[in-house]
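Dear colleague,

I am passing on the structure we spoke about, and it is placed just below. My notes on what turned up in it follow, and I would be glad if you read them alongside the coordinates.

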Amino acid sequence: MDRLALVVPCYNEEAVLEISSKALREVLENLIQKGKIANDSFVLFVDDGSKDRTWELIEQEHQKHSNIKGLKLAANVGHQFALTAGLISAKDISDVTVSIDADLQDDVTVIEEMIDKFHDGNDIVYGVRNDRSSDSFFKRMTAQGFYKMMAVMGVKTVYNHADFRLMSKRAVEQFSQYKETNLYLRGMMPLIGYKTDSVYYERKERVAGESKYPLKKMLALAFNGISSFSIKPISLITTAGAVIIFLCILAAIYALFSYCIGHVVEGWTSLILSIWFLGGVQLLSIGLIGQYIGKIYIEVKQRPRYNVETFLGKQD
């Protein structure tokens, strides 16, 4: 039987952690009883530098239940890094991993279907939301717009898939070879290239606590995803520059023609607006290019993406 690791990144999740622990342990017990996974399968909670009692509760769960492990990071590094830390830490002591958020908005009942598809030979199984009615209208619209924008930018992603997925041991080992600091896991998984499949589920309301992805973080994740996998934004600057030059030539021809027929073109307001517009385009272009240069600056430093402080149950 294959040993399953359920990897759960946590940041300030004291309100929901015990509920998540119970639900995920029940999933393991069910799969073990059906003979689909090994008896020593486990849940690995990854504490991403929480400021509340999250780590304390993880320690308590570990002491009470042999199939609960805990990974404490030395500082808050963000969801993508915390999830990466959990996957890489689990790969040496498991045969297959399933990553899922602690809020249980992803349907844990489809984990069994993921395991079945893994046994059918799939190395990666994506959890895809087929119903987002629990999300606000604004979040649904922005999410759909984001996936469409990623497609336009040429980034391969699975529509309506977040970070709920199964990965085989060799898929995680291959993923561990990707060393970049600017992580966007949803775009990296299709690059691995192994056989994949999907399971579909209805997204639920958060069990307890507050969302750790407000609008600001969602926008940052979106920009990171685009800029980490596509240089089309820079290409768009070139296109915009060409269009503006073309419009300026047309304006110059019009002004010259008007002057030749004795009509002086008046337009202080239009002139100032044009200057402001071009200035804004230039500043935006410089800022966008600066973002890419900043990413290069961060990458070439090759600093560790995270530091592990404690690994409870590593030898169990």
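Among the elements, strand β2 (residues 42-47) has the highest mean pLDDT, 94, whereas helix α8 (residues 215-229) has the lowest, 63. Where pLDDT is low, the predicted coordinates should not be read in detail.

A search of the whole structure for aromatic pairs finds one, formed edge-to-face by Phe-164 and Tyr-201, with 5.5 Å between the centres and 80 degrees between the planes. Because Phe-164 belongs to strand β6 (residues 161-168) and Tyr-201 to strand β7 (residues 196-202), the pair ties together parts that are 37 residues apart in sequence. Both Phe-164 and Tyr-201 are buried.

Helix α1 (residues 17-33) has 17 residues, which at 1.5 Å a residue should span 24 Å, and this agrees with the 24 Å between its end C-alpha atoms. Its buried residues include Leu-17, Leu-24, Val-27, Leu-28 and Leu-31, as well as Arg-25, and among the elements that cover the buried residues of α1 are β1, β2, α2, β3 and α4. Just after α1, Gly-35 takes a positive phi of about 75 degrees.

Best regards

Definitions and conventions: Residues numbered from 1 in each chain as written. Predicted model: local features only at pLDDT ≥ 70, side-chain atom pairs only at ≥ 80, totals over all residues. Heavy atoms only, no water. pLDDT = per-residue confidence, 0-100. Helix = DSSP H or I, 4+ residues; strand = E, 2+ residues; numbered from the N terminus. Phe/Tyr/Trp six-rings, centres within 6.5 Å; stacked < 30°, edge-to-face > 60°. Buried < 20%, exposed > 50% of the residue type's maximum accessible area, 1.4 Å probe, protein only. Expected span 1.5 Å × (residues − 1). Contact = heavy atoms within 4.5 Å.
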